[in-house]
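Please find below a colleague's note on the model under review. It is set out as numbered points.

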Amino acid sequence: MTTTLEKGGNAPIATHPITASLHCTGAPVELSALLVTADGRVRSDDDMVFYNQPSAESGAVRHLAADASGPERVEVDPSALPAEVDRVVLIASCDPDDAARTFREVSDVRVLSAQAGTAPVEFRVPPLADGERAVLLMEIYRRGPGWKLRAIGQGYADGLAGVATDFGVTVATQPSPPPATPTPTPPPTPITPPPASGPRPLGKISLAKGGAASINLDKQDRELVVTATLEWDGGSEQRRARGADLDLYALFVPASEARRGTEEPGTLVKSGPTSAKQSKAVYYKNRGSLDQAPFIKLDGDARKPGRETVRITRPEQQGYVLLCAYSALSNGFGSFRSFGAHVIVTDGRGSTVTVPLYENTKTRYWVAMALVDFTGPHGAAIRHIEAYSGRMTERRPVLHPDGTIQMNAGPVEFKRSGT
C-alpha cells in the first residue's frame, strides 16, 4: 500500500538505499539532486547530481536515466553519506535549452520513493501555473539518528539554474548558439502570470545598513530548520596567522514571553547596567538543544577564522533571536569588520539573507548584528542592527521581551584559552 504525502508532510524511512522516480505527462522534465549541508548550501559543485554528473560520494547518490527498468530516477544510500551532508534535495526542471517551457505544460507531476521491505511513498506536486521552470520535489533529510522524507512542492521561475545558485552551486553561463537561419521570429505574446498562491522563496539578498527582510515560513512546520551562521576570515594576513576567535551568541526570548512594545523590535534603548531579567543565550558554554526548549542549538566552537552556526527549529516556539558576536582572547582591538565578520540567515529552501557590517569600530568586544523576529504570523523578519558595546567593556547585550536591545547591560563572562 502506498503512503501519500501532502505538501509539507513527512514520513520516516529506513537507512538502506531508497529510489525516487519522477513521473509526469506533457512536456519533458528532468530529475536532479543536491547534497546539502545543515547551513543550506552544497559543499562544492560536485554535490549536484544530474544526467551530466550522475554520481556523488562514490555512488551514495546516483542519477539513472529512463530505461526499460523505469522512468528517470535518483538512488540514495543514506548510510553511505558523510556526516556533513544533512539532506538530499530532489528537483524537477524543464529543459534549460528551451526557455519557453514551463510547468504550465506539465501535468500530474509526482515523485515515488521506494525502499525494499517498506511501502512506497508518493507525493503529487500541486499544479504549477505561475511560469515555474523548476520545482523542489522532496528531500531526504537527517532527523536525530534516523532519516525522513519531506514533500516540498516549491516552484522556481528561474529553473534549475536558479535553484542551484540558491544552494551555492556555481552555474556556468554560455552564449546561445546563433540561429540556424537569419529569418527573425516574432517575440511571443507576453503572458501575465496569475498571483502567487503560496509563499515564495526570497532568493539571496544582502541587507543595507538598518535594513530588514522577511522570510515566509510555515509556523507549524516542525521539521523546518532556520540556520544563522557567523562567518569571518580573520582579516589581514598577520591577524589570520594569530587566529581570530569570534564567538556567535544567540540571545533569545521564547514566544511565551515575547510581546510587542511601543518601540520597533530591534530599537536600542539607553546603554548601561539594568536590573531587568538577563537574556537567555545559546553560546559555546550552553549549546542548546533542537529536541527540547529552546529549540536552538550551536553546532560548535570555532577557535580560528571560519564559521559558527546556530540552528533554529519550531518557529511557533520562537519570539526574538538576537545574533551577536563576541571578540574573545584580546581580539577586541581590531574591528569586527576588519575580521570579515558577517551573518548569513537561511531557511534552506531558497531564502538567504546576508547581514554585513559597515563600521570599523575598534576596541569593542561585542556587536549585536541581526535580530530575527518570529512574532509575525507568516514568517520571520531579519533586521540589520550593528550596535557595538562601549569601549573596552565586556558586558553582554540584553534582549528584552519586546524585542528591544540594551547594550553594556548584561553579565561579564570572560573566555579563556582552553575553555
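The points below go from the overall fold to the aromatic residues.

1. This is a predicted model, in which local features need pLDDT of at least 70 and side-chain atom pairs count only at pLDDT 80 or more, while totals for chains, interfaces and linings use all residues. Residues are numbered from 1 along each chain as its sequence is written, and side-chain values use heavy atoms, with hydrogens and water left out.

2. The protein contains 28 strands and 2 helices (DSSP runs, of at least two residues for strands, E, and at least four for helices, H or I, numbered from the N terminus). Of its 419 residues, 53% are buried (under 20% relative accessible area, 1.4 Å probe, protein chains only).

3. Considering contacts (heavy atoms within 4.5 Å) between residues at least 6 apart in sequence, 71% join residues at least 24 apart.

4. Tyr249 and Tyr284 form an edge-to-face aromatic pair, 6.3 Å centre to centre with 85 degrees between the planes (ring centres of Phe, Tyr or Trp, the latter by its six-membered ring, within 6.5 Å; planes over 60 degrees apart for edge-to-face). Because Tyr249 lies in strand E17 and Tyr284 in the loop between strands E18 and E19, the pair ties together parts 35 residues apart in sequence. Tyr249 is buried at 1% relative accessibility, and Tyr284 is buried at 8%.

5. Tyr249 also forms an edge-to-face pair with Tyr326, at 6.1 Å and 85 degrees. Tyr326 lies in strand E22, so this pair ties together parts 77 residues apart in sequence.

6. Tyr249, Tyr283, Tyr284, Tyr326 and Trp366 form one aromatic cluster. The charged end of Arg396 sits over the ring of Tyr283, 5.1 Å from its centre (CZ of Arg or NZ of Lys within 6 Å of the ring centre and within 35 degrees of the ring normal).

Methods. Buried means under 20% relative accessible area, exposed over 50%, partly exposed in between (1.4 Å probe, protein chains only). Rings of Phe, Tyr and Trp (its six-membered ring) pair if their centres lie within 6.5 Å; planes under 30 degrees apart count as stacked, over 60 as edge-to-face and the rest as tilted.
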